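Here's a quick tour of some charged side chains and who they pair up with. Have the coordinates open as you read.

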Amino acid sequence: MPFLDRLQRWAGERPDSTAVVVAGQGLSWEQLRDAAAALVPAAPAVTVVSEANSLHFAVSFAASVAGERQCAVLDPTWPQQLQDSITERIAETVRRAAPVTGHGRTDELIDGPPDAPFLIGLTSGTTSVPKAFTRTRRSWQVSFDASIEFFGLTPEDRTLAPGPLAASLNLYALAECLYAGSEFHTLPKFDVGDVHAAVSHDGITRLVLIPTMLRLLSERGLAGGVDASGIRSIICAGSKLDARTLDAARRWAPNATIFEYYGASELSFVAGAGLQPGQRPRLGGTGIGKPFPGVEIRILDGAGAAVPEGSDGNICVRSGMVSEGYLWGDDGQALQCFDGWYTVGDQGYLSGGTLHLLGRRSDMIITAGTNVYPHEVELALASVPGVASAVAAGLADDLRGQRVVAAVVPSHGGVTAMQLRAGVEDVLARDKRPLEYFALTELPLTDRGKLSRQLLLDWITGHDPRARRLG
């Protein structure tokens with residue numbers, strides 16, 4: 001693993017300084033090193049970690065990637081049957097692989113060869129069993145160097161990632177901090193009050209989280225008078241931030257640079273931007289930012305040919321951060337390569353060096369011959385006053401093929417269809433504007449908490465009371 005040599009370094013240089021904190025309980029660099037080293041002799045060639053956030057998680061993760069060992073991190077909330085199925089597949093993969101040699105049998109807490117795989121990542125797909133891909137130590141070291149430069153992480157920072165370590169965003173944040181010699185904090189589970197307490201009392205300078213968490217923390221923090229002036233950076237992943245979240249975060253943490261970025265588990269970091277304190281955002285736009293250090297971006301069509309600037313197509317990248325490919329679940333579309341340029345099928349365009357993110361091609365709405373990406377519509381609606389959240393989809397239409405419809409969760413005071421139409425008039429082209437609007441009592445989410453546009457369409461066609469048509 002590309003952080004074990006750094007862990008040894010920090011343990012030698014400042015053994016008593018804090019390395020990892022979980023719910024107020026911490027381990028120093030020396031304690032973390034010694035606890036992980038004690039587990040290495042018994043660690044198998046591949047370790048499957050499935051547990052909630054804890055100090056033991058951090059220790060076990062470090063030990064499980066020593067030498068040529070590999071680690072797979074499973075979400076402990078997944079059904080046991082799913083976890084068992086994944087574990088069995090991993091075991092089959094290990095049995096088929098050649099026996100590890102050299103560093104693979106080491107009893108020391110040391111890094112293995114840079115080009116050897118160390119992490120088996122899992123990402124959701126169209127089947128019930130997640131796809132599995134592998135990463136080399138070198139790919140994460142390149143990612144660490146790029147993200148530390150881009151986000152400005154220093155050894156003096158105290159990072160809080162309040163989400164589950166089983167999620168790649170938070171697992172990476174842990175490893176990144178170990179690499180940088182920076183103090184890492186997390187919680188057994190996400191709780192707004194516990195995060196606020198950590199921000200107030202633990203000297204947190206950096207937050208790593210998803211947009212929904214940021215909105216909750218910001219809005220409730222403002223209401224409760226929680227002081228977040230000590231936070232210097234907020235790193236948000238998952239989707240582009242909407243206007244309401246940005247406004248609340250800016251007011252709650254006035255001294256923070258708010259970073260949003262585009263990346264994928266298989267690609268690592270691609271592009272992003274930081275909104276400096278006092279800087280006004282461009283609301284409703286699709287621009288996500290410039291390429292990360294060491295990343296090249298091209299927009300290619302389905303045959304791998306370059307498209308003109310400003311035209312949309314596959315977002316393709318070339319960098320040293322790309323994963324090694326899949327162990328299973330590859331349908332030929334999940335991670336494609338065009339002569340060294342990799343894509344996961346996300347669509348976008350380049351303008352003036354800035355990447356604009358539109359969404360997945362499979363989500364695209366074709367209405368009267370015009371391609372409309374729901375993500376673009378949702379960002380425009382999210383900037384309208386009175387809108388808490390928005391979702392757009394394509395409803396079957398005999399004349400147009402599909403027509404764009406949109407639904408919003410109103411904020412306090414509600415919102416009318418007329419206000420929504422006026423709000424997107426200067427942001428969306430006429431043929432991309434929704435023809436119908438609905439008010440939602442809740443967002444249409446899957447059982448795993450992901451936004452479901454199909455569920456929205458089911459509510460609309462089935463006259464579900466959770467989706468009320470706005471006149």
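E378 and R453 join their side chains in a salt bridge, with N and O 3.0 Å apart. For the cut-off: a salt bridge here is a side-chain nitrogen of Lys or Arg within 4 Å of a carboxyl oxygen of Asp or Glu. This pair ties together distant parts of the chain, since E378 sits in helix 10 (residues 374-382) and R453 in helix 12 (residues 453-461), 75 residues apart. Helices (H or I, at least four residues) and strands (E, at least two) are DSSP runs, numbered from the N terminus.

E378 is buried, at a relative accessible area of 10%. Buried means under 20% relative accessible area, exposed over 50%, and partly exposed in between (1.4 Å probe, protein chains only).

## What the model is

A quick word on the source: this is a predicted model, where local features need pLDDT of at least 70 and side-chain atom pairs count only at pLDDT 80 or more, while totals for chains, interfaces and linings use all residues. Residues are numbered from 1 along each chain as its sequence is written, and side-chain values use heavy atoms, with hydrogens and water left out.

## Pairs within a helix

How many salt bridges does a search of the whole structure find? The count comes to 19. One of them joins R9 to E13, with the closest N and O atoms 3.2 Å apart. These two are 4 residues apart in helix 1 (residues 4-13), so about one helical turn separates them. R9 is partly exposed at 41% relative accessible area, and E13 counts as exposed at 53%.

R251 and D247 also form a salt bridge, at 3.1 Å from N to O. They are 4 residues apart in helix 9 (residues 243-252), so again about one helical turn lies between them. D247 is partly exposed, with a relative accessible area of 42%.

## A network

Salt bridges can also be followed through a group: D397, R400, R403, E436 and R469 are linked in a network of them.

## A glutamate in a strand

Now for E260, which belongs to strand 11 (residues 257-264). Is E260 buried or exposed? With a relative accessible area of 13%, E260 is buried.

A polar atom of the E260 side chain lies 2.9 Å from the backbone nitrogen of L241. Leaving out residues up to four places away in sequence, E260 touches C236, K240, L241, G272, A273 and I288, where contact means heavy atoms within 4.5 Å.

How values were computed. Polar contact = N/O pair within 3.5 Å; in protein donor to acceptor, adjacent residues only side chain to side chain.
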